[in-house]
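Please keep the sequence and the 3D view at hand while reading.

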Amino acid sequence: MHQEFLMGNQAIALGALAAGVRLVAGYPGTPSTEVLETVAKNRQENTYVEWSVNEKSAMEVGAGAAYTGARTMVTMKQVGLNVAADPLMSLEYIGVKGGMVILVADDPGPISSQTEQDTRHFARFSKLPCFDPSTVQEAYDMVQEAFEYSEKYGTPVFFRSTTRVSHGYASIQVKDVEEYKNVEPEGFVKDTKRWVIFPKLSYQAHINIEARNEELAKVFSQYKRNLLLPAGDDCKELKKGIATGGFNYTYVTEAMADLGQLRELKVSTPHPFPEQLAVEFLTGLEEVLCIEELDPVIERELIYIAGKYHLPVKILGKLSHHVKNSGENTRDSVLADIAAFMGRQLPEQGENGQAVPAPELPVRPPVLCAGCPHRASFYSVKKAMQGRKTIFCGDIGCYTMGNAMPLDMVDTCLCMGAGLGIAQGVGHIEPDTSCFAWGG
């Protein structure tokens, strides 16, 4: 073991290599991109790496390698998961032989995405286990554990990161190359009852998946990264609790240092949810505040569990408007939410309860890079179409920044590759309109 100062995405990549990953495929998208780049820079000779043409292709390449018994990882951002949904939904019914981790980076804010889509919903929708790290060190360790669970239960698993884990830096303990796993895959073994998806086989697979997830809910209640704090009898006298997960756990930990102790539930596996641990957490409590990004996933699970076990506890959070329901949480917003929940005055507030205002940061909108060829393309088309009825249909990525003045050249932007379809749709209804599509 040795110590390195790493970005979260770098830690995830090195953790996958330490776990013996043999194939990594993905599609670039902030905040996930550096994972595959780091694997490419640090891989062993027997590890294959590719940027796939899209997320669907990456998922299929990863699945094929996992069929052979090799450990594989597929990388993408949250909206890219939509592109990969077709093979993903069937893959869960087929299963895998080698461990397969699907790294999906969520983007609260959003900082560089069209939506604030929450991968934890996709985990439940696709019935896949989901791991949600809270620190860079935990991301490194947990991705190795994710491979173990994937292989043991013969299923792909999600590894859901968020921007502050993906792009945060920390000094962490990592394995030396000599400590990496190196397991030779068995190879693909023909078995049409396993690898060919027929309706009758899918029916039985669905039964097996539901039974497996019930088992995992119990197993995850004992998983060392799902925590009930404080440990032992110290938490039994407390009547208020905080439930959290992912990077927000670090904000909650800082807030507790300022505000005092509450009973805490840290959820590192939002699906299958650690139900028995949650029951232990809720028992004896009067109120619980849920701190999470992006959607009220933990909150809804605890409301369900409280009802199922007839526990007289009030669950608060995004649904009750005690926590904001969009955007990133911050250390300050979490501190304020917990202080209000506890009926406490914020430590940094004055006698009248007014917070000391921080100076506003200058607004610096993103712009096209100096010398970017898109500038000339945008300008040339705009000059050529001057005086004519024209719309310019954009695409996600750098092209979107062509909407800024003085170019003002992006009238629509929906999703990857949609510029052409939008232009065709408008053109069919307004044949007198010249429709241009930007994309790549």
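**Briefing on the predicted model**

Strands β2 and β3 are paired in the parallel sense, with 4 bridges between them. The model described here is predicted. The points below take up a sheet of 6 strands, a sheet of 5 strands and the largest cavity.

**The sheet of 6 strands**

- The order of the strands in this open sheet is β3-β2-β4-β5-β7-β6, and their pairing is parallel.
- β3 (48–51) and β6 (130–131) are at the edges with a single partner strand each, so one side of each has no neighbour in the sheet.
- Helix α3 (residues 55–67) lies across β2, β3, β4 and β5 (100–106), and runs at about 165° to β4.

- V49 is a residue of strand β3.
- Apart from neighbours within four places in sequence, V49 has contacts with V24, L36, V39, A40 and R43.
- Between V49 and T162 there are 113 residues of sequence separation and a C-alpha to C-alpha distance of 23 Å.

**Strand β4 and its partners**

- Strand β2 (residues 23–26) also pairs with strand β4 (residues 72–77), in the parallel sense and over 4 bridges.
- Within this pairing, V24 has M73 of β4 as its bridge partner, and G26 has T75 of β4.
- β4 pairs with β5 as well, in the parallel sense over 6 bridges.
- T75 has L103 as its bridge partner in β5.
- Both faces of β4 are covered, with T72, V74 and M76 buried on one side and M73, T75 and K77 buried on the other.
- Because 6 of the 6 residues of β4 are buried, this strand is largely enclosed by the rest of the structure.

**The sheet of 5 strands**

- This open sheet has the strand order β9-β11-β10-β12-β13, and its pairing is mixed.
- Its edge strands, β9 (227–229) and β13 (314–316), each pair on one side only.
- On average, neighbouring strands of this sheet are turned by 20° against each other, direction ignored.
- Strand β10 (residues 240–245) and strand β11 (residues 263–267) run parallel and are joined by 5 bridges.
- T244 has K266 as its bridge partner in β11.
- Helix α11 (residues 248–259) packs on this sheet and touches β9, β10, β11 and β12 (287–291). The direction of α11 makes about 145° with that of β10.
- Helix α14 (residues 331–342) packs on the sheet too, touching β10, β12 and β13. The direction of α14 makes about 170° with that of β12.

**The cavity**

- Rolling a probe the size of a water molecule over the atoms shows where empty space is left.
- The count of cavities of 30 Å³ or more comes to 1.
- The largest cavity holds about 30 Å³ of space.
- The residues that line the largest cavity are R120, D132, R160, T162, G245, G246, F247, N248 and E293.
- This lining divides into 1 nonpolar, 4 polar and 4 charged residues.

Notes
Residues numbered from 1 in each chain as written. Predicted model: local features only at pLDDT ≥ 70, side-chain atom pairs only at ≥ 80, totals over all residues. Heavy atoms only, no water. 1 Å grid on protein atoms, 1.4 Å probe; cavity = no way out; pocket = protein on both sides within 12 Å on 5 of 7 lines; lining within 4 Å. Points joined across faces, edges and corners; volume = space filled by probe spheres on them. Nonpolar A, V, L, I, M, F, W, Y, C, P; charged D, E, K, R; others polar. Pairing = 2+ DSSP bridges. Helix = DSSP H or I, 4+ residues; strand = E, 2+ residues; numbered from the N terminus. Contact = heavy atoms within 4.5 Å. Axes fitted to C-alpha atoms, helices over the stretch in contact; angles between N-to-C directions. Buried < 20%, exposed > 50% of the residue type's maximum accessible area, 1.4 Å probe, protein only.
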